[in-house]
Amino acid sequence: MLLIADDVGFNGVGYQSDYTNVSNGFLTPRLDALAAESLKLSSFYVLPLCAPTRAALLTGRYPTRYGLSAFNADWGKPWGLPANETLLPEVLKAANYTTGLLGKWHLGSHRDAALPQSRGFDVYSYAPSKTFPDGCHRCVTGYDFHDGAAPAFDMNGTYSSDAVRDAAVAFVRTAQRPFYAQCAFQNVHEPLEVPARFADRYAATLPARERVYAGMISALDEAAGIVLDALPALDETVVVFFSDNGAMANSAAPSGARANYFKGGKTLTTEGGTRAPCFVRYPPLLSPGWSASLVHVVDLFPTLVALAGATHALDLDGVDAAPQLLDPATPGRRREVLYNINPRSDDADQLKAPKAALRYDDFKLSFEFWSNRSGAALYDLAADPMETSDVANRHPGVVRDLAARLEAHAARLPPPFEPWPPFQGADYACCDCEETFARGAPAVWAPWIPDDYAAAPCAPPYAACVVPPCYGH
C-alpha cells in the first residue's frame, strides 16, 4: 500500500517536527501514529515535480532517460510515459499481484495505451492530471475523474481526498490478495480548498490565511487513516508513505521551515524541492526508528519487487534498499542521487533553475543552467544541509568528479517533452499530434489520438517556438 501525498514538504506532516525540531502546527494523528510504528527515512529523495516523481516510482529509472526532465504530462498534451518502459505493476502482476491505481495518474492521457489500464493496473479510479480538491471535477473545461474507463460523473462535488479514499477502500476490501495499491492523493496541491470542518480545527492555533492549507493536511491524514482501517491485514501489508515533491510557494501556505524545512521548494532541485517525508511500515521485518541512508524514489521499484518475491531483468537506476531497511547496521547501497538534468536554456519550463544537480555521499553539485554548464555550486550537505555556502573553490577535485558523473547521465539524455510543437521527447511518433481541450457533451478529458497513429519521426533540430502559443491550456 503506497500512500502518496501531493506537494507536501519535508516538514509538512506532524511527526516530521520530531526530526526537524521546527513545529509545523499540523494535526495529523493517524499518520503520526503510523510513523511511530515505522522506519522513517530522513534522506528520501524525489523529483521536484509531480509527473517525474510518479514516473520514477513506476519505472525504477530516472525521468531524464525518457524525456520527463522539464515538464509534466498535463491535460491535453500529446505525450506521456513512453510505452517501451516496463512499469512496477506489470512486474507485480507477473507475480500474481492484483494492482490498483486510486487517484492521481499524471503520466499521459493522449492515447488509450497511455492510460493506467494499459500500463499494468487491473483496477483504476483516477484523474488524468490534477482534479481540483474541492470536488469540481469539471473546473478546467472538462470532466476528469474516472472510475475504470468511464468518467465518474456521480463524483462531481466530492472532495478529492474523499474520492480517492473511497476508491482505495473499495479496492482493498475486494481485491484478491496479494495486491499492490497505489493510493495517490491530491492534497495539498493548488488550489487550496478544504471542507470547513478541517480548517476549523486550526481556528485557535493558526492565522486565518493558513487554516485552509493546514486543513488540507488534516483531510489527507483522515483519508489515509480510513484507508488503513479498511486493510484486511494491516500488519501483513507493506505500507509506504511519501510526498511527490516539496511544498509549493503560496501566500496562504506556511513559509520556510514550517513546510519544507530545507532551502527552496517545488520545481527546484534544492533540498526543499526534492527531499520528502517518507516512512515504511512492515512489523514482521522492520523496526521503528529513523534511517539516514540515502534512498531515492527509483529505489522503491526494486525494493518492493524484492519484498514481493517477484523478479525482473530490467536496466534500472533504482537499487534494492531492503537490506538496509531491514538492518540499519547494513551500509546503504546508494551513494549517488541524481536530482535532475534539464537541458532547456531558458526558465519558461516547469522545472526551474538550478537545472541540474547530483549528490555523491555528502557533496552536492548543482548548475543553474546545464545547457552551457553555468552557475556551478558545490555544497557539503553534512555540514550545510541548508545549502548556504558554496565550497567549490575548496574542493576542485570533488567538483570535477561530480561534474563527470552528471556528464555520464547527460550522455543518455533525450530532448525533453515540451508543451509546444514539435513536442520533443523520447516518443517522436507524436511530433505532429495536436494538443486538445476536453471533448464531447459533457466535455470529458479522454484520449484523442488513436493507438495506431504513426507519423514520420521528427527530425532534428527540434526547434521550439520563441513564443509558445499553446502552453497554458
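Me: Which residue of strand 14 stands opposite Ile341?
Reply: Ile341 stands opposite Ala356 in strand 14. This is a predicted model, in which local features need pLDDT of at least 70, side-chain atom pairs count only at pLDDT 80 or more, and totals for chains, interfaces and linings use all residues. Residues are numbered from 1 along each chain as its sequence is written, and side-chain values use heavy atoms, with hydrogens and water left out.

Me: What makes strand 13 and strand 14 a pair?
Reply: Two strands pair if DSSP finds at least two bridges between them. Five bridges join strand 13 to strand 14 (residues 356-360), so these antiparallel strands count as paired. Strands (E, at least two residues) and helices (H or I, at least four) are DSSP runs, numbered from the N terminus.

Me: Why are strand 13 and strand 16 called edge strands?
Reply: Strand 13 (336-341) and strand 16 (377-380) each pair on one side only. They belong to an open sheet of four strands with the order 13-14-15-16 and antiparallel pairing.

Me: Why are helix 5 and helix 7 called roughly parallel?
Reply: The axes of helix 5 (residues 160-174) and helix 7 (residues 208-230) cross at roughly 10 degrees and come within 9 Å. Axes are lines fitted to C-alpha atoms, for helices over the stretch in contact, and angles run from 0 to 180 degrees between N-to-C directions. Angles under 35 degrees count as roughly parallel, over 145 as roughly antiparallel, 65 to 115 as roughly perpendicular and the rest as oblique. Helix 5 and helix 7 are therefore roughly parallel.

Me: Which residues of helix 5 make the contact?
Reply: Ser161, Arg165, Ala168, Val169, Val172 and Arg173 of helix 5 make the contact (heavy atoms within 4.5 Å).
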